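Thanks for coming. Please have the sequence and the 3D view open as I go.

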Amino acid sequence: MAKGKITKNYQQLADELAAIMDWFESDKVNLDQAVIKYQQAMELLIEMEAYLKTAENKIRKIATRFGK
Amino acid sequence: MSTELIFSPSDFVAVFNQTIEYAYPGVVIEGELANFKVSRGRWVYFDIKDETASLAFFGNVYQLPGPLQDGLKLRVSGRPRLHPRFGFSIVFETIQPVGEGSIKKAADLLRAKLAAEGLFAPERKRPLPPLPRRIGLITAAGSAASADFLKILGQRWGGVEVMLADVLVQGQEAALQIVAALDYFEQLSPLPDVLVLTRGGGSADDLAVFNDERVVRAVAGSRMPTLVAIGHETDESLAELAADQRGATPSNAAQIVVPDRRQLLTQLATQAQALKNLTTSLYSNELSGLQDRQKNIGQKVQALLNNEKQRLLANRRLSVLFDPLAALRRGYAIITKGQSYISSVKQISAGDQLNLRLADGTLKATAGER
């Protein structure tokens, strides 16, 4: 992840986090993978938090005049 | 000399229409609907009258705002013209019920018609996307409704592209503009994730456009999930009934269409804690498993040692039993003749030199007679 730069939209980040959480709840869990997954989840959480704190909406007025 | 003009009927119709078009290119007439009639499912004829006069109107069924009934008070805009064969009429362009009673009556008629078609059925409702990335916003740009919606949207969420279609939200042109905006979004690729149609409160006249059949059908026919929020306290408009979701006000529409980032930040903190707990518990379980295995291995090794010790002890007891020196100590002797051990009298002849090994030494002996 590039530090300080949001590379994915929030839904993608949330989906990735949900997949990791599901993995932790599954019977596939092993310690070696858990360490890697935990680090990935923490990075996602940081990125999601940054998104929530910094992302702004973009307002674009459509140029078309609807019968005016 | 007389300057009296003499026209043929065709010329007079042409001159009349030219004159009227110049003087009154468009007129708006308000009065009571009478003799309303639809011909061949396409052409519409009706009169608008008051106590002393009545005017004939003509037009296309697609320009109707919804089902109409004689007695309704209407405001009709159109172009006056003299038809070469059917006489004077006004070709209508827009029709708007006016007055609270007429608006309600027209809306009731339309509501019954569209409900019978299933446009308001709950099973038609689609869920709104949980995290929209592109929102099509149809409202009057610069209005309080637009400002409220965008303000609350920005407070609650970020990263959304809002495509604002600036339309009139009241008056005769509003219905066509709103329908055109809905059509515009339908043509986009990719489509916006959700459409929001909103305006603030107003009188029944102001909000009449949201009971216009063309608007209601366009909302119901949208390929995108729709949210319609009209700020008013009275009955729901038909556009709201046809939408996938209704909002009470423009601000409420923003609250519905995106989640609250503050709540999600709290949820993220909870998830981070849950993840830590899961990982810690995984470590603890693994450690506990290791300790169990260590204990198990220790017990097994101990059991093996104990078994071996018991076997050794038994062997030691046996070795004592089989120890020839032990027999010598009890008084037995080992007899040898030369290098051979003697186990039978047949191996000995009288006079043979024998060696007798006892517990504490060896004797030489000579064999006697048997």
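Predicted model: local features only at pLDDT ≥ 70, side-chain atom pairs only at ≥ 80, totals over all residues.

Let me start with chain A. Chain A has 68 residues, and 19% of them count as buried. Its secondary structure is two helices and one strand. Going along the sequence, the pattern is α-α-β.

Now chain B. This chain has 370 residues, of which 29% count as buried. It holds nine helices and 14 strands. If you take the contacts in chain B with a separation of 6 or more, 62% of them are between residues 24 or more positions apart.

For the helices, look at H2 of chain A, residues 31-54, against H8(B). They pack at an angle of about 170°, and their axes are 10 Å apart. Angles over 145 degrees count as roughly antiparallel, and H2(A) and H8(B) are therefore roughly antiparallel to each other. The crossing of H2(A) past H8(B) is left-handed. From H2(A), the residues that meet H8(B) include A:Leu31, A:Ala34, A:Tyr38, A:Leu45 and A:Leu52. On the H8(B) side, the residues include B:Arg261, B:Leu264, B:Leu268, B:Leu275 and B:Glu286. The contact of these two helices, H2(A) and H8(B), has 13 nonpolar, two polar and three charged residues.

For the strands, S1 of chain A, residues 58-61, pairs with S7(B). The pairing is parallel and runs over four bridges. If you want one position to look for, A:Ile59 has B:Val162 in S7(B) as its bridge partner.

That leaves the inside of chain B. There is a barrel here, closed by five strands in the order S1-S2-S3-S5-S4, with mixed pairing. On average, neighbouring strands of this sheet are turned by 50° against each other, ignoring direction. One of the pairings in chain B is between S3, residues 54-60, and S5, residues 87-97. S3(B) and S5(B) run parallel and are joined by two bridges. B:Phe57 is opposite B:Ile90 in S5(B).

Within its own chain, H3(B) packs on H7(B), residues 250-257, at an angle of about 30°, with 7 Å between the axes. That angle makes H3(B) roughly parallel to H7(B). H3(B) passes H7(B) in a right-handed crossing. Among the residues that make the contact are B:Phe149, B:Ile152 and B:Leu153 of H3(B), and B:Pro250 and B:Ala253 of H7(B). The classes in the contact of H3(B) with H7(B) are seven nonpolar, two polar and two charged.

Last, a set of strands further along chain B. S11, residues 334-337, pairs antiparallel with S12, residues 340-341, over two bridges. B:Lys337 has B:Ser340 as its bridge partner in S12(B). S11(B) and S12(B) make a hairpin with two residues between them, and B:Gly338 in that turn has a positive phi of about 65°. S11(B) also pairs antiparallel with S13(B), residues 353-358, over three bridges. In that pairing, B:Ile334 has B:Arg357 as its partner.

In the loop between S12 and S13 of chain B you will find B:Lys346. Is B:Lys346 buried or exposed? A residue counts as exposed with 12 or fewer other C-beta atoms within 10 Å, and B:Lys346, with 8, is exposed. B:Lys346 is 24 residues from B:Arg370 in sequence, and their C-alpha atoms are 9.5 Å apart in space.

Note on methods: Residues numbered from 1 in each chain as written. Chains lettered and ligands numbered in written order. Pairing = 2+ DSSP bridges. Axes fitted to C-alpha atoms, helices over the stretch in contact; angles between N-to-C directions. Parallel < 35°, antiparallel > 145°, perpendicular 65-115°, else oblique. Left-handed = near helix turned anticlockwise from the far one by under 90°. Contact = placed C-beta atoms within 7 Å. Nonpolar A, V, L, I, M, F, W, Y, C, P; charged D, E, K, R; others polar. Buried ≥ 20, exposed ≤ 12 C-beta atoms within 10 Å, placed from the backbone.
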